[in-house]
Amino acid sequence: MHKNKPDWVRVVADRLRTESGSALLLVAVSVVALIWANTPWSESYTSLWETHATIGVGSLNIDMSLHHWVNDGLMVVFFFLIGLEVRQEFAVGALRDRRQALVPLIAGVAGVALPALIYLAIAGRTAPEGWGAVIGTDTAFLLGALALVGPRMSSQLRVFLLTLTVVDDFLAVAIIGIVYTESVQWVPLILAVVCLALIFLLARANEWRSTPYVVLIVLLWAATLLSGVHPSLAGMAAGLLIPAAAPERDDVVRAKQLFRDYWQSPRADAARNVRLGLAKSISVNERLHDVLRSPVSLVIVPLFALANAGVDLRGGVLFEALTSPITWGVVAGLVIGKFAGIGIGSWAAVRAKLGTLPQGVGVGSVLGGAALSGIGFTMSLLIISLALEGEVAQQAIVGVIIAMILSWVLGWLVFTFARVKLGETTADLPTTLADPIDLERDHYLGDPDAQDTIVEYLDFECPFCATATGMWMDLRDHYGIDGGRYVVRHFPLEDYHPRAFDAAIAAEAAARQGKFWEMHNVLFANQDRLEAEHLRGYAEDIELDLEQFDRDLLSEEIVEHIRSDMRSAIESGAGGTPTFFLNDHRHKGAHDARSLIAALEAQRRESAVRRRS
């Protein structure tokens, strides 16, 4: 509870932070800009954005209108955020898996090329330089529209579309920097390259503090701006160089130890060490992304819309726009080009067996997402401001607004068709446990007849599974020794953890002698020592019959048992480890003990409400 903030303010702020809320905010701001630009007070709109502001250090001054401060200053943060997201996807996201990445990559390239060709076919003789206005997708608008008109559960489609927009945003920024740069000043450009090189060296040196990166990025922005190259390219390049990685177990444990020090001796120096330890445990990429995400979606992009969407449609401008090939070149490029390009690109990639669609995502969902990708807005308006002027620019902006409306409607129609005719009610992974609990087969702790059951799919090399973090102990303390039932199943991630499958075999071999949990605990306590000789040593430590253990290590039945667990995990929607199911429903979000307990209690309340009704 925020003491000084009314409840309605908190509710509105939380709503605006959602993807649908930020999309509606952009729509509202764009409408305000259009209305303002078409009222008797339209001169105040124009004069506001033409007001100049200057910053300087010594003899170095940067003087720009507010319009340019938004487009060439604040929007660099937006492109920097895109760069961070691209780096994250390559390091720990969808682009790490080639078969998962190739389909959206190919679809993204097709979704850039075909719109440009369609625009040139319609408006190439009138304003060929405006082709860049149809190549980008507004990611915030796309995800907001998906939340409003897409399937009820669409996290897999969302990942697919994010990967796709990463591609066309990257290409769009590269095109802005290369095609729409008129002249170059070499000294500032060389300084910008030096800044990029220093950012690269910081990343190579595993610098985890964010301050050095921020200082270099500010210098990079100023140098790029003075060089004549559009600074959006610098923002994207800087974001791509910021290192991203999954948290390391050792860093998390170190942060835990530092917090324990503070808990035992709450001093200022101990608190500072905790803050530094927590920061070091999360990649600088993820920390910057978390800090910038809300300001970009709630302040920077809406300010950009306010500064760029205000088109004066009076005096016959609207009629001229509706009869202009530029307007319809933009509309056709965004609406038809994006829909057809992404659809054909996805189909061709799957047909050529270059990759697969994400689990749970059907053709109808892909086409619905392709339709929504015609919402170019932010990227389109930025390129229009660089490539076109006067009435031609106004006509293109009208085309962007029309395309946004038509793409939204087309997306709703396609998703409705997919739901009604194709049966695609979701575009997500399964959410319920595929194979029911079998107490004769599964390994469990607690009361076999307990009201609540927690199923964990685990990997013995996973540093954040329940036993490795002690989370299960917290759950047991909350519910009591017999207050719940904890079930484990195997899901060794063989592509990332080469010894996990053999460790699972060792655990099942121990289970045949009634000592699954003893081996389970030893394996998690020695995650960095899981070679064959170590496994046999652990078997001796827990007093197994070594001859029988050696025979069971070769058992095909045990291998099939583990493979069956892995199939069950995939069919249940597990995408990695740990994955938890609470009373047969897949848990989403944080998986610390407090979050799981809160989720279980929420399930209980919902069940009680259903029983009363």
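Which residues in α2 meet which in α3? I started there: Ala33, Trp36 and Ala37 in α2 meet Ser42, Ser44, Tyr45 and Leu48 in α3, contact meaning heavy atoms within 4.5 Å. Helices here are DSSP runs (H or I, at least four residues), numbered from the N terminus.

Before going on, I noted that this is a predicted model, where local features need pLDDT of at least 70, side-chain atom pairs count only at pLDDT 80 or more, and totals for chains, interfaces and linings use all residues. Residues are numbered from 1 along each chain as its sequence is written, and side-chain values use heavy atoms, with hydrogens and water left out.

**Helix packing**

I looked up the geometry of α2 (residues 19-37) against α3: the angle is about 115°, with the axes 7 Å apart. Axes are lines fitted to C-alpha atoms, for helices over the stretch in contact, and angles run from 0 to 180 degrees between N-to-C directions. By class, the α2 and α3 contact has 5 nonpolar, 2 polar and no charged residues. For these classes, Ala, Val, Leu, Ile, Met, Phe, Trp, Tyr, Cys and Pro are nonpolar, Asp, Glu, Lys and Arg charged, and the others, Gly among them, polar.

Next I took α4 (residues 66-92) and α7 (residues 155-179), which pack at about 130° with axes 10 Å apart. That angle makes α4 oblique to α7 (under 35 degrees is roughly parallel, over 145 roughly antiparallel, 65 to 115 roughly perpendicular, the rest oblique). From α4, Phe79, Ile82, Val86 and Glu89 make the contact, and from α7, Thr163, Val166, Asp169 and Val173. I get 5 nonpolar, 1 polar and 2 charged residues there.

I then went through the second largest pocket, at about 1000 Å³. On a 1 Å grid over the protein atoms alone, a pocket is an open set with protein on both sides within 12 Å along at least five of seven lines, a cavity is a set of points where a 1.4 Å probe fits but cannot get out, and lining residues have an atom within 4 Å of a point. Of the 38 lining residues, His67, His68, Asn71, Asn308 and Ser385 are closest to the pocket centre. Helix α17 gives the most to this lining, with 6 residues. The lining divides into 17 nonpolar, 15 polar and 6 charged.

Last, I checked the second largest cavity, of about 30 Å³. Val76, Ile217, Leu220, Trp221, Pro231, Ala234 and Gly235 line it. Both α9 (211-227) and α10 (231-241) give two or more residues to that lining.

Terms used. Grid points are joined across faces, edges and corners, and a volume is the space filled by probe spheres set on the points.
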